[in-house]
Structure formats: C-alpha cells, structure tokens
Amino acid sequence: MRSQTAFISTHGNSRSALNALKRFSPSGQLLHRTREMSAALAGLRERIERPAATLDAFRWRLEGPFGPLAIAEKLIEERRENRSVEGEEAFMLAEIALTLAGVDLNKASRFVPDQLRAMRRALRAAVRDLDSRCTTLPDAPGLDAYVREAFARAAR
C-alpha cells in the first residue's frame, strides 16, 4: 500500500487539487460563508417560531427588514457585487425556504392558536416569493435539480 504522499507525487496532484472546497473556492471562504449562513438560518428559524402576540407580528417577522425576504434580497445583492460560486444565490434561497418549512408553527401560534392557518398561509407565501426570486437568477446546472427539489419540499 502506497502512502498518500507517494500517490500525490506519483500522479503529480497536489493536496489542494484533491480538495473539492479548494476547487470551488480557492480562497477557502466558501466553507466559512456556509458555516455563517447555517448559524444565521438557525437563528432565523428560532426567531420566526417564537410565540407571536398577533398575526401581524408574525407577518412582520417574515416581511420586515430582518425577515427572510429581506435577507434573501440582501444575499442576492451581495453575491452580485462580490464574485460568488455559480448557483450560490439560488442555493441560499433554497436553504432559506427549507428553513421556513422547518418552522414550528405550533410554537409561533401559541398565543393566537386561532391564527395557525393564517400563519401557515403567510409562511407558504414567503416560500413562493423566494421561489419566484430564483427564476431571475442565472442557471447553475449543477445545482438546479437540488434547488427545485428544495422548493418542492418547502412548499409542502
């Protein structure tokens, strides 16, 4: 059995050529951004599913300046200004949609249980809004199937 070093030198490949993250993000920032995004999405879900005093308060969490729709718009703007990995915007919108699908509406409607249906409709409308934003983004053949599946799951 040859060592990994022998394999690398024999075949002329460097360790960075074998590292998939390095191929897609030479600066190594993709993994860092992904971790940040994951933590932000977890926080977003927790904030949205906190008990809301009214339906309007719940809608504000979705549509307000710190809600998923505003975050999606800022992500798209930021990625357009800074070089991004192909399909990154659509991937992030799909991840936001999946986060919304994971919101526990029973928690969010604890103070207003009669508004559970309306909250569900508002959440689904937000997912549809995110999906419609994806249609304006450039195609990313490697991610398109994932993005479509993610939105299909989130819409259920």
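Tutor: Handedness needs a convention: a crossing is left-handed if the near helix is turned anticlockwise from the far one by less than a right angle, and right-handed if clockwise. The model is predicted, so local features need pLDDT of at least 70 and side-chain atom pairs count only at pLDDT 80 or more, while totals for chains, interfaces and linings use all residues. Residues are numbered from 1 along each chain as its sequence is written, and side-chain values use heavy atoms, with hydrogens and water left out.

Student: Which way does α7 cross α10, left-handed or right-handed?

Tutor: Helices here are DSSP runs (H or I, at least four residues), numbered from the N terminus. The axes, lines fitted to C-alpha atoms over the stretch in contact, come within 8 Å for α7 (residues 88–101) and α10 (residues 144–155) and cross at roughly 20 degrees; angles run from 0 to 180 degrees between N-to-C directions. That makes α7 roughly parallel to α10 (angles under 35 degrees count as such). The crossing of α7 past α10 is left-handed.

Student: How many charged residues are in the contact of α7 with α10?

Tutor: Contact means heavy atoms within 4.5 Å. Residues taking part include Phe-91, Glu-95 and Leu-98 of α7 and Tyr-146, Phe-151 and Arg-153 of α10. Ala, Val, Leu, Ile, Met, Phe, Trp, Tyr, Cys and Pro count as nonpolar, Asp, Glu, Lys and Arg as charged, and the others, Gly among them, as polar. By class the contact has 12 nonpolar residues, no polar ones, and the number of charged ones is 2.

Student: What is the handedness of the crossing of α5 and α9?

Tutor: The axes of α5 (residues 55–63) and α9 (residues 116–134) come within 10 Å and cross at roughly 15 degrees. The two helices are therefore roughly parallel to each other. Leu-55, Phe-58, Arg-59 and Leu-62 in α5 meet Ala-118, Met-119, Ala-122 and Leu-123 in α9. The α5 and α9 crossing is right-handed.

Student: And how many charged residues does the contact of α6 with α9 have?

Tutor: α6 passes α9 in a right-handed crossing. Among the residues in contact are Glu-73 of α6, and Asp-129 and Arg-133 of α9. Next to 6 nonpolar and no polar residues, the charged count is 3.

Student: Which helix supplies the largest share of the lining of the second largest pocket?

Tutor: A pocket is an open set of points on a 1 Å grid over the protein atoms alone, where a 1.4 Å probe fits, with protein on both sides within 12 Å along at least five of seven lines; lining residues have an atom within 4 Å of a point. Of the 14 lining residues, the closest to the centre are Glu-36, Met-37, Ala-40, Ile-71 and Leu-75. α4 (29–49) and α6 (68–81) each supply at least two. The largest share, 7 residues, comes from α4.

Key
Parallel < 35°, antiparallel > 145°, perpendicular 65-115°, else oblique.
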